[in-house]
Amino acid sequence: MDSAVLFALGLTLFAGLATGIGSLIAFFASRTNTKFLSISLGFSAGVMIYVSMVEIFVKAKTALTTAHGDSLGYWLTIGGFFGGMVFMAALDRILPQLENPHEVKTVEDMDAGPTNDQYAHLRKMGIFTALAIGIHNFPEGIATFMSAIQDPSLGIAIAIAVAIHNIPEGIAVSVPIYYATGSRKKAFQYSVLSGLSEPVGAIAAWLILMPFMSDTMFGIVFAGVAGIMVFISLDELLPAAKRYDEAHLSIYGLIAGMAVMAVSLVLIA
């Protein structure tokens, strides 16, 4: 295993473990900073959308047009891009329809407490939320890994964006589990496990995709990654950010994320 693979796997592990940070915030913060959540989720979406459309999609198109010519290569890029979106949409349909797995839970939700007949429901909801987030995080791990293999600086940017939106996911898992079991340790473990599916996705990409890597494989996978990230941003991150939006903070965060990503790409080019 060379240093590039180890670096890419390390980035996905970093991004995945951010769910544990969300769990710790739920346990020890006295109140939820909803303005920060709204801005940070918008920022994460801005980074993902910009880098997907400006960088990842273009790299996919270049690889596919080089291998198959301008016309067919462009069509393959478009197919891969929307194929990634269809994949995530199908995943959402298959998963238990409890709620948006990126929906923001607050520390205040823990203060309300459940009634006696809600404990079983909370435990089930927490486990299914952890499962849903874990499944969603699997393709995010592939996206982070493949990006880092192709361009380490690009992988770092994506890993940071993924880590930011994994923090409220950790809260979403830990709140119901904690109230259902009364155990902070168990709630923390479930939240961390949901995030570990990202390095699992990275390992799967390394073992399954890397041995067959070519311009065609790279282009299709990268186009699909772009579609997955745009879908997650539009379908999950922005609606979650808007829940606690004040004075268009989520949109300001979105624009800031795009601007930071744009400047970063220029500086490291």
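This tour moves from a set of annotated residues to the largest pocket.

The model is predicted, with local features needing pLDDT of at least 70 and side-chain atom pairs counting only at pLDDT 80 or more, whereas totals for chains, interfaces and linings use all residues. Residues are numbered from 1 along each chain as its sequence is written, and side-chain values use heavy atoms, with hydrogens and water left out.

Begin by selecting Asn-137, Glu-140, Asn-166, Glu-169 and Glu-198, which an unreviewed UniProt entry lists under "binding site"; such annotations may be inferred rather than shown by experiment, and their positions follow the numbering used here, with feature names shortened. These residues are spread over 62 residues of sequence, yet they cluster in space, the largest C-alpha distance being 13.5 Å.

Next, centre on Glu-198 in helix α9 (residues 197–209), helices being DSSP runs of H or I with at least four residues, numbered from the N terminus. Glu-198 is buried at a relative accessible area of 0%, where buried means under 20% with a 1.4 Å probe and protein chains only. Beyond its neighbours within four places in sequence, its contacts (heavy atoms within 4.5 Å) include Thr-12, Asn-137, Glu-140 and Asn-166.

Then move to Asn-137 in helix α6, which is likewise buried at 0% and touches, among others, Asn-166, Glu-169 and Glu-198. Glu-169, in helix α7 (residues 152–181), also counts as buried at 0% relative accessibility.

Finally, show α4 (70–94), α6 (119–150), α9 and α10 (215–243), each of which supplies at least two residues to the lining of the largest pocket.

How values were computed. Buried means under 20% relative accessible area, exposed over 50%, partly exposed in between (1.4 Å probe, protein chains only).
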